[in-house]
Amino acid sequence: MEDGDQVIKKFMYMNRKAPYGTIYALESLEVVLIAAAFDQDVSLVFADDGVYQLMKGQNTDDIGMKNFSPTYSALGDYDIKKIYIEKESLEERGLTLEDLQELKYEDEDDDWAEKDSIHLVSRAELADVIDQQDVVFSF
Amino acid sequence: MAMLHTVNKSPFERNALESCISLAKAGSSILLTEDGVVGAMQGTAHSKKIEDAMANISFYVLGPDLKARGLSESNVVNGVKVVDYSGFVDLAADHDSVQSWL
């Protein structure tokens, strides 16, 4: 895809680990926020234990770590509005979208209407989305 | 000899919980910590492993790690006891030895 002289590539960040037990979730979020400055086509995936990263009501007061979960709600302001959640991963964990944060963005082409960033996709649908990417980063 | 086993990895990511359960002797205890706490939740693809083992093994889960991950204490598998850090210390003191599964 060409946008003037700039090449826009499709970048996907694949999140597959629960937060806090390892540093992957936080590192992924940091990299995503940095990458947002480069005006690329960015998608985030939360699959396997990665779905736990978006759980509502996280409170890290008693484990002495920073609760970075509120930062996900800022992704829309960074123009990151394609967030894919794998349906089977939720089901295996007895979870539904209701257990996760709502993530929104404001659509500049539609009078800044607030829209959902989260797309619930099946494993087969996710495979297609992955297949369309230029670059996939795994966390 | 009663042993305390600790498991700090998610059963969806590694088989530490499964190995631990299959090697733990009757009368021993298993404490789930860190990412391991997701193994204590009811209604998951792994809940049955704990439910089936509970007749012979006592299960505990570390409350602060549940809370950090937005997981409710009321949704843990029935019979799993939620403990805090001092409860963890008590468990370590009350058992003859501790085995950490990685």
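**Exercise 1.** Determine in which sense strand β1 of chain B and β5(B) pair, and over how many bridges.

*Solution.* Begin with the terms: strands are DSSP runs of E with at least two residues, helices are runs of H or I with at least four, and both are numbered from the N terminus. Two strands pair if DSSP finds at least two bridges between them. By this criterion, β1 (residues 3–7) and β5 of chain B are joined in the parallel sense by five bridges. Within this pair, Met3(B) lies opposite Ser97(B) of β5(B).

The model is predicted: local features need pLDDT of at least 70, side-chain atom pairs count only at pLDDT 80 or more, and totals for chains, interfaces and linings use all residues. Residues are numbered from 1 along each chain as its sequence is written, while chains are lettered from A and ligands numbered from 1 in the order in which they are written.

**Exercise 2.** State the strand order of the open sheet in chain B, and explain why β4 and β5 each have one side without a neighbour.

*Solution.* The five strands follow the order β4-β3-β2-β1-β5 in chain B, with parallel pairing.

**Exercise 3.** Describe the hairpin of β6(A) and β7(A).

*Solution.* Strands β6 (residues 104–107) and β7 (residues 113–116) of chain A run antiparallel and are joined by four bridges. Lys104(A) has Asp116(A) in β7(A) as its bridge partner. Five residues stand between the strands, and Asp111(A) adopts a positive phi near 55° in this hairpin.
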